[in-house]
Amino acid sequence: MTALMALRKAAQGEKPLAAAKIVGCTHVTAQTAVLFETLMVLGAQCRWAACNIYSTQDEVAAALAEQDFPVFAWKGESEDDFWWCIDRCVNEEGWEPNMILDDGGDMTHWIYKKYPHLFKKVKGIVEESITGIHRLHHLSKAGKLCVPAINVNDSVTKQKFDNLYCCRESILDSLKKTADIMFGGKQVAVCGYGEVGKGCSAALKAMGSIVYVTEIDPICALQACMDGFRLAKLGDVVRQVDMVITCTGNKNVVVREHMDLMKNGCVVCNMGRSNTEIDVNSLRTPELVWQHVRAQVDHIIWPDGKRIVLLAEGRVLNLSSSTVPIYVLSITATTQALALIELFNAPEGRYKQDVYLLPKKLDEYVASLHLQTFDAHLTELTDEQAKYMGLSKYGPFKSSHYR
């Protein structure tokens, strides 16, 4: 994870996170452990829980615990375990957080619900996922967001690399490991054509699958059409497809009515952040039989013998059933670390009680750190060119709203 190592080397002398007390709720994997260690090298104290009950790598959590890193997570937590772990992170006598790093908004939600007084000392929130960003915007609109927050999910480096390129590779690996699928000729419905949907669709198309895309946004829908995909409503193709993959971050994208119409053997899974995209609760009824086949694979059997294959119980598939490329996670982790440094050290008044994008200068800095891996060499603007474009020679090269 070259950028995190470079960040440690560049910043550890001045300890930009000295006196920071960061409470985090993210995936607990080998890659995120490097982020935790980096934050501590930069001066922070940390306490951590997992944002997904299936994604924790137990050997990583154990290794962190052996180093006296307070981590509360294990693979296969129950819902009660999940909230207990989050509570243990926050509810520690004599220790109060002043920064939050969240993935999905559950840590922020829990503190608002159970320990709202802690926000008196919190300087800011860094949120990675679209689900968490929606929750922060709801708080902001209701006038209940009492600290500034940085939206890492919509930084260019997160959108273009973690969401697009990472999912383009990990979707195939996840489906192979869980369902041992042959992709050629399979008909697939991909729900959502944001960056995650784009990555998944491109990978499946390249393997010979016939891909249908569902989308609510006319701009994303037009992109899907221009990329050679059939735009359809899920209800119109659900009877014929072999796989349904959700990538929206929304809720009830695939509901019981859809699953009743699916053909025998249809695979259903989610690549979006939220576990609400597939209405799994609607399948827990007396007339349906659940058959646990192996880890992350369940068959749901209808009275007539039809069965669908549900992966990871509708939770995010690649982090539940596979691994995510280290290089891509290095980009996201570096973005998170820089966002924490920015909020923690910002002078009073720079950020109000609202949701902000990561400053474009920092976004570009993250990208530049990763160019070293490719032995890539940037072209530098001449003074004349910079003046003509109205830019600094050293960036930022895009406007703050560029995505």
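Start with the two domains and colour them separately: domain 1 (2-154 + 325-358) and domain 2 (165-314), with bounds that come from an automatic or database domain assignment. Their C-alpha centres lie 30 Å apart. The contact between them takes eleven residues from domain 1 and nine residues from domain 2, where contact means heavy atoms within 4.5 Å.

Before going on, keep in mind that this is a predicted model, in which local features need pLDDT of at least 70, side-chain atom pairs count only at pLDDT 80 or more, and totals for chains, interfaces and linings use all residues. Residues are numbered from 1 along each chain as its sequence is written, and side-chain values use heavy atoms, with hydrogens and water left out.

**First stop: the seven-stranded sheet**

Select the strands β3-β2-β1-β4-β5-β6-β15, which in that order form an open sheet with parallel pairing. Because β3 (71-72) and β15 (355-357) stand at the edges with a single partner strand each, one side of each is left without a neighbour in the sheet. Helices (H or I, at least four residues) and strands (E, at least two) are DSSP runs, numbered from the N terminus, and two strands pair if DSSP finds at least two bridges between them.

Zoom in on β5 (residues 124-127) and β6 (residues 149-151), a parallel pair with three bridges. Here Val126 stands opposite Ile150 in β6. Now show helix α4 (residues 79-90), which lies across β1 (21-26), β2 (45-50) and β3 and runs at about 170° to β2. For that angle, axes are lines fitted to C-alpha atoms, for helices over the stretch in contact, and angles run from 0 to 180 degrees between N-to-C directions.

**Second stop: the eight-stranded sheet**

Next, select β9-β8-β7-β10-β11-β14-β13-β12, the order of eight strands in an open sheet with mixed pairing. Its edges are β9 (230-231) and β12 (289-294), each with a single partner strand, so one side of each has no neighbour in the sheet. Strand β8 (residues 210-214) runs parallel to β9, joined to β9 by two bridges, and Val213 stands opposite Leu231 in β9.

Move on to Ala232, in the loop between β9 and α10 (234-237). Not counting residues up to four places away in sequence, Ala232 touches Tyr212, Val213, Thr214 and Val237.

Show the residues around Glu364, Ala367, Ser368, Leu371 and Leu378, which lie nearest the centre of the second largest pocket among its 32 lining residues. The elements giving two or more residues to this lining are α7 (156-179), α13 (326-345) and α14 (360-371); α14 gives the largest share, ten residues. Domain 1 and domain 2 both contribute to the lining, so the pocket lies between them.

The second largest pocket holds about 910 Å³ of space. A pocket is an open set of points on a 1 Å grid over the protein atoms alone, where a 1.4 Å probe fits, with protein on both sides within 12 Å along at least five of seven lines; lining residues have an atom within 4 Å of a point. Grid points are joined across faces, edges and corners, and the volume is the space filled by probe spheres set on the points.

**Last stop: two backbone details**

Select Glu313 in the loop between β14 (307-311) and α12 (317-321). Its phi is near 50°, a positive value in a residue other than glycine. Finish at Pro396, in the segment after α15 (383-389), where a cis peptide bond joins Gly395 and Pro396, with omega about 0°.
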